[in-house]
Amino acid sequence: MEIEHALTCVNLVPFFKSLPIDEKTEVAKLVVQHQYRKGTIIYLAGDRVGHFMILEHGQIKLSQIAENGKEQLLKVMQPGDFDGEAALFNNDQRNVTATALVDSNVCQIDQDSFQTLLTHSPNLAVNLLTAMSHQINNLQEEKTVSSTSDVAGQLAKYLLETSASLKTKKFKLPLKKKDIATYIGTTPETVSRTFKQMTADGLIKMKASEVELVDEDELEMLV
């Protein structure tokens, strides 16, 4: 993988982006790109973590099996999201399953290679810990903001992110409405009502699970 491309992936991660360029370059040298087709299981719950994953393009769902045997959606990764940061420091097992919702490109950093790099670069280790502490504070602030956002805003954000991932304004929803409801923290009924209101307001066109974004600017205003 070309170093310029690898640096682009590394810069998607806040606690890597803030590192000095020479240290970022060393991290970028460890990056390996993988492509996953829609529906591919990237890893299963119980697998050894083994690597840190940065989503460059596409959408990936993280889910687990509930006690009743049904799949429970936990998160939908969008471009720029990352998973498995614990893999950089320990040998834990995955507690969720990752599945590509659409064709996706992923940048991965192997755990053993990264730990070897830290051993030979104490400054990188210190800078990385500092950057991660800032990231934790930022995530806490973002969680507070997102918890106060209304359903229309969160649904608009999901539609815009999905459109960007698929590079088209007209697409079939990768998730069922009940899963979208779980993702944004509401009920399927509320999601259906919000879709109908967006359609009535001329923001989208919708037929079954097919959606077309009509007024992206107004959708952005809802976010």
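Modeller: Let's start with Lys-172, which you'll find in strand S9, residues 170-172 (helices, H or I, have at least four residues and strands, E, at least two, as DSSP runs numbered from the N terminus). This is a predicted model, where local features need pLDDT of at least 70 and side-chain atom pairs count only at pLDDT 80 or more, while totals for chains, interfaces and linings use all residues. Residues are numbered from 1 along each chain as its sequence is written, and side-chain values use heavy atoms, with hydrogens and water left out.

Is Lys-172 buried or exposed? It is exposed, with a relative accessible area of 54% (buried is under 20%, exposed over 50%, partly exposed in between, with a 1.4 Å probe and protein chains only). Leaving out residues up to four places away in sequence, Lys-172 touches Ser-209 and Glu-210 (heavy atoms within 4.5 Å). Now look back along the chain to Gly-58: 114 residues separate it from Lys-172 in sequence, and the two C-alpha atoms are 14 Å apart in space.

S11 itself covers residues 210-213, and its two faces are worth a look: Val-211 and Leu-213 make up the covered one, Glu-210 and Glu-212 the uncovered one. That brings back Glu-210, one of the residues that Lys-172 touches.

S11 has another partner too. Strand S10 (residues 204-207) runs antiparallel to S11, joined to it by 4 bridges. Here Lys-207 is the residue opposite Glu-210. S10 and S11 make a hairpin with 2 residues between them, and Ala-208 in the turn has a positive phi of about 55 degrees.

Ile-65 has Glu-71 of S5 as its bridge partner. There are 5 residues between S4 and S5, and Gly-69 in their turn has a positive phi of about 90 degrees.

Then there's an open sheet of 4 strands, in the order S1-S8-S3-S6, with antiparallel pairing. Its edges are S1 (31-36) and S6 (82-83), each of which pairs on one side only. Further in, S3 (residues 51-57) and S8 (residues 104-110) are antiparallel over 6 bridges.

H4 (residues 111-120) lies across S3 and S8. In H1 (residues 3-10), the buried residues are Ala-6, Leu-7, Cys-9 and Val-10. They pack against helices H2 (14-17) and H3 (21-28), and against S1, S3 and S8.

Finally, click on helix H8, residues 188-200. Residues of H6 that meet H8 include Leu-155 and Leu-159, with Phe-195 and Met-198 among those on the H8 side. From H7, Ile-180 and Ile-184 are among the residues that meet H8, where Val-191 and Phe-195 are among the partners.

Definitions and conventions:
Axes are lines fitted to C-alpha atoms, for helices over the stretch in contact, and angles run from 0 to 180 degrees between N-to-C directions. Two strands pair if DSSP finds at least two bridges between them.
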